[in-house]
Amino acid sequence: MNSKQNEKNKESLPSLPTLLITGASGFLGQEFIKKFHKFYKVIGIYNSSTPGFQSENVTYTKMDLTDPSQLASVSDFSFELILHTAALTNVDKCENQVEQAKLLNADTSGRLSKISYEKNAYFVQISTDQLYDGSSTNSEESDPCSPINEYGKTKLLGEELVRANNPNSSILRTNFYGLSPQGSSFLNWLVACIENNAPAEFYNNVFYTPICIFDLCRVIDIFLKARFSGTYNVVGDERVSKADFAQMVVNTWNPEYSNYTLLPYSQKAGRALRPLDMSLDNQKLKRLIDIKLSSISESLKEIKDQRI
């Protein structure tokens, strides 16, 4: 095949959609880029940590999204999709730095969704399961929200601004697990305790419905391609306690590890309130898309196998 034919074939190939990702150096941003960079032209926006993953389809731009002038420059990019993962997720830090939490979790989300609407771009907002007071089990998307900490309050305000500014957007409420390269996740801490035989406390009265980051990325990809709109609980099928999850990790990594204590969580002085039940119902999601979510045990084995 000659060079002219090669060029003609390249021209006939469908062009990749351009996806702008905020929080591109974070755990979810980097994982999504690694898994799906071949299917998008990615513009990765990051602030502090330099992203590690590199690809010819990916370009990175350093930007402080809480600075209105820098955020306004997002309009200068050409894109069809935005995946907004950037957030202040440290619950205690949000409690102590309320204005900063509001800037990133709410105001930035609202401004980005407005830009996406003006550019006719599809917007996906990553939200949280900490939107309720913890008195109910398996909360549905239509249930009234009543967050009890500043993290939940600012994320809820962010959702409201996104809906107001871009009615065609999607909001994905989630709580995911995996081994973060930054070493900052709950699973990272659990594995470190097991491997170093360090003492740990596992809370048996805090419940949630965690989803593996691999499955979450698959769902996000489906949403970006189909451009669904609305609010969805993107969580796993199993409602478990933090202690249940921790013991599954122990069984996967080293069943002989026993240097832990099972106990109920009690509010710590100087720390933000935590809801005791963050479990969400995912049936609305499953009615929308045909997807089989991995069990926690299956996902943990996959995570461990990929680490080796």
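Helix 2 gives the second largest pocket the largest share of its lining, four residues. Helices here are DSSP runs of H or I with at least four residues, strands are E runs of at least two, and both are numbered from the N terminus. At least two lining residues each come from helix 2 (27-36), helix 8 (213-226) and helix 11 (296-307). A pocket is an open set of points on a 1 Å grid over the protein atoms alone where a 1.4 Å probe fits, with protein on both sides within 12 Å along at least five of seven lines; lining residues have an atom within 4 Å of a point.

The model is predicted: local features need pLDDT of at least 70 and side-chain atom pairs pLDDT 80 or more, while totals for chains, interfaces and linings use all residues. Residues are numbered from 1 along each chain as its sequence is written, and side-chain values use heavy atoms, without hydrogens or water.

The second largest pocket holds about 260 Å³ of space, and of its 13 lining residues E31, K34, L179, F214 and Q306 are the closest to its centre.

After helix 5 comes N120, with a positive phi near 55 degrees.

Conventions
Grid points are joined across faces, edges and corners, and a volume is the space filled by probe spheres set on the points.
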